[in-house]
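Hello,

Please find the structure we talked about below. My notes on it follow.

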Amino acid sequence: MTTSSEALQTTRERGGPFWGRAAVRRNLNAYAFILPFMVLFALFNIGPFFWALWLSLLRGDLVDQVKPFVGVQNYVSLTTDAITLKVFLNSLQYTVSVVPIAVVTALALAFLIGNKLVRFKDFYRAVVFFPLLASAAATAQIWSYILAPRYGVLTYLLGLVGVPEIYWLSDPEWALYGILLVEWWRGIGFHIILFLAAMLGVPEELHEAARIDGANAWQVATRVTIPLMRPVILFSVVMGTIWAFQLFDTVFVLTNGGPVHATATIVWYIYNHAFRYGQVGMAAAMGVVLLLIIMPISYVQMKVLGER
Amino acid sequence: MTQIDLRRDWRRRLRLLPQAVVVYVLLAMLVIIMLGPYLYIFSSSFKETYTLISIPPQIIPEQLVWDNYTYILNELPFSLWFFNTILVAVLVTVGTVLIDALAAYAFAKKEFWGRDVLFGLMLATIMIPGALLLIPAFLITNWLGLLNSYGGLIIPALANVLGVFLLRQFMQTIPEELEHAARIDGCTDFGVFWRIILPLSAPALATLSIVVFTSQWNNLVWPLVVLNDKDLYTLPLGLALLRSEFQVNYGITSAAAFLSVVPLLIVFLFLQRYFLEGLTVGAVKG
């Protein structure tokens with residue numbers, strides 16, 4: 001219902017010439033609200049973004065006042081450097097391993113918790129959320145003891161079923177998978193909870209209809225439930241991929257890139273070259289490459305957020 | 001229920017029994033995998049130095065000692081790290097929620113020149129990986145003279161783009177009649193925001209608070225590059241460097257890791273709903 005005074009107010013607010021005094025005041029008013037955000041946003045987001053692009057064309061360390069311009073030299077160096085190649089391969093190998101493993105296991109576990117026989121679903125939801133609460137640093141410390149050779153509890157438990165001792169974090173062949181194990185434990189709850197919500201949102205009638213048509217449980221899952229969950233699975237894959245390419249914390253604490261660069265990731269490279277080796281230009285160039293990898297994947301995330 | 005119904009019900013249950021057994025065995029395994037590591041470091045935090053490396057490992061130590069906790073509190077600046085983490089997380093949360101809410105209100109309810117361009121720009125920055133911004137953000141923080149200070153931890157974290165989206169989306173659902181009514185009663189623009197919009201946005205504000213608080217509590221990279229002074233460390237940074245800088249054993253790391261998680265576990269038990277909602281904002285796992 002619109003009262004006459006409201007209508008008047010609306011006319012006064014919305015009407016008037018484009019450059020009229022009312023319009024200018026309305027704009028300044030709105031700018032006052034966004035000002036604090038925009039100042040910080042410009043200072044710590046937009047500004048750094050363009051500065052990072054510029055830095056990738058320079059050579060120098062963090063404290064150098066003058067950094068000589070070297071053009072695309074840093075990018076060329078990235079392609080010839082042996083460690084860079086290793087870093088790319090590690091990040092790629094890690095991502096294409098962890099994302100499918102996490103998504104598939106999470107899907108299976110979501111079906112387990114979502115099973116009609118299961119009561120107190122909220123309890124299991126809380127349980128799988130627990131690992132998400134700890135910092136990567138705390139999680140890494142927890143697991144460095146569990147994964148320790150000889151006296152580590154995982155080594156012991158696997159030994160009970162006849163698995164020989166694995167040097168999860170010190171064997172170059174295994175270290176990336178040691179990290180993967182820890183990150184799987186840390187992140188799986190995210191995917192499970194997302195899938196569970198989508199699964200329980202599928203109308204029961206659809207399941208009933210499929211069952212009446214003679215479908216068994218597996219067919220109902222693969223032909224009805226999972227296709228209906230497609231948008232959520234896509235979101236899950238996108239977020240998992242974005243995180244996987246930006247893996248750092250766990251690596252920093254558990255292996256610091258070693259042994260012999262077996263767990264050196266893109267962000268590990270950026271951190272070390274900028275803050276340890278004094279090669280800001282190389283670090284920034286690697287950052288730009290990371291941006292180019294992340295951007296197309298992240299575009300999907302942006303779309304999802306933009307649609308809401 | 002009639003006799004026949006009851007009998008059918010029993011028969012149905014009997015038929016489902018094998019499936020139920022399998023489901024609950026698998027669920028028990030899931031619970032052990034998810035909670036086991038927490039429980040194991042909790043028990044390990046009471047282990048003596050030599051039982052830490054006993055083979056086979058003692059799941060529940062034969063002898064419980066408080067040594068690890070007393071070491072943390074007496075020999076390490078752990079209580080300072082705890083205090084720093086709470087201070088920084090609380091201030092960043094309050095600041096972010098306020099700054100984001102102000103901006104979200106304008107983007108949700110007002111028309112102004114350049115609004116859609118600005119919003120599109122903000123949306124686009126979601127695609128930028130944090131590691132790319134790390135170096136220039138560090139240089140700007142240095143330029144502002146904020147390195148190695150609380151300010152250096154807090155101020156760069158205050159403008160949260162995802163927070164503006166979350167709040168804007170929620171504020172758009174608040175009916176305009178309420179604003180008009182408040183204006184007729186003589187409310188200023190800020191008055192409308194403060195007395196009408198903010199209270200009505202409480203659920204979204206709570207979700208954002210949880211997301212920001214959790215990510216600050218767990219943030220490692222930014223404190224790592226900004227801080228030098230060990231007394232200014234936050235918990236994740238202190239934890240990360242325990243074994244490399246402080247040369248301690250697993251009993252001490254276990255105790256420290258456990259203590260660092262407890263506050264969030266408690267908050268989680270009370271505010272679970274907001275944690276679950278915050279999950280899709282995409283910022284919980286750093």
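Which domains does the domain assignment of chain B give? There are two entries: domain 1 covers 3–67 and domain 2 covers 77–279. Please keep in mind that this is a predicted model.

Taken over C-alpha atoms, the centres of domain 1 and domain 2 of chain B are separated by 36 Å. Where these domains meet, seven residues of domain 1 of chain B are in contact with seven residues of domain 2 of chain B. On the domain 1 side, α1 (3–44) and α2 (49–52) of chain B are the elements that give two or more residues. The most comes from α1(B), with three residues. By type, that side of domain 1 of chain B has three nonpolar residues, three polar and one charged.

Now chain B as a whole. It has 15 helices and zero strands. Its radius of gyration is 25 Å, well over the 19 Å that the globule rule gives for 286 residues, so chain B is more spread out than a compact globule. The C-alpha trace of chain B spans about 75 × 70 × 35 Å along its principal axes. As for burial, 41% of the 286 residues of chain B count as buried. Among the contacts in chain B with a separation of 6 or more, 72% are between residues 24 or more positions apart.

Last, the contact between the chains. Chain A puts in 81 residues and chain B 80 residues. On the side of chain A that touches chain B, helix α2 (residues 21–55) of chain A has the largest share, 20 residues. That side of chain A divides into 61 nonpolar residues, 15 polar and five charged.

Regards

Notes. Residues are numbered from 1 along each chain as its sequence is written. Chains are lettered from A and ligands numbered from 1 in the order in which they are written. This is a predicted model: local features need pLDDT of at least 70, side-chain atom pairs count only at pLDDT 80 or more; totals for chains, interfaces and linings use all residues. Two residues are in contact if their C-beta atoms, placed from the backbone, lie within 7 Å. Helices (H or I, at least four residues) and strands (E, at least two) are DSSP runs, numbered from the N terminus. Ala, Val, Leu, Ile, Met, Phe, Trp, Tyr, Cys and Pro count as nonpolar, Asp, Glu, Lys and Arg as charged, and the others, Gly among them, as polar. The radius of gyration is taken over C-alpha atoms; the globule rule is 2.2 Å times the number of residues to the power 0.38. A residue is buried if 20 or more other C-beta atoms lie within 10 Å of its own, exposed if 12 or fewer, and partly exposed in between; C-beta atoms are placed from the backbone. Domain bounds come from an automatic or database domain assignment.
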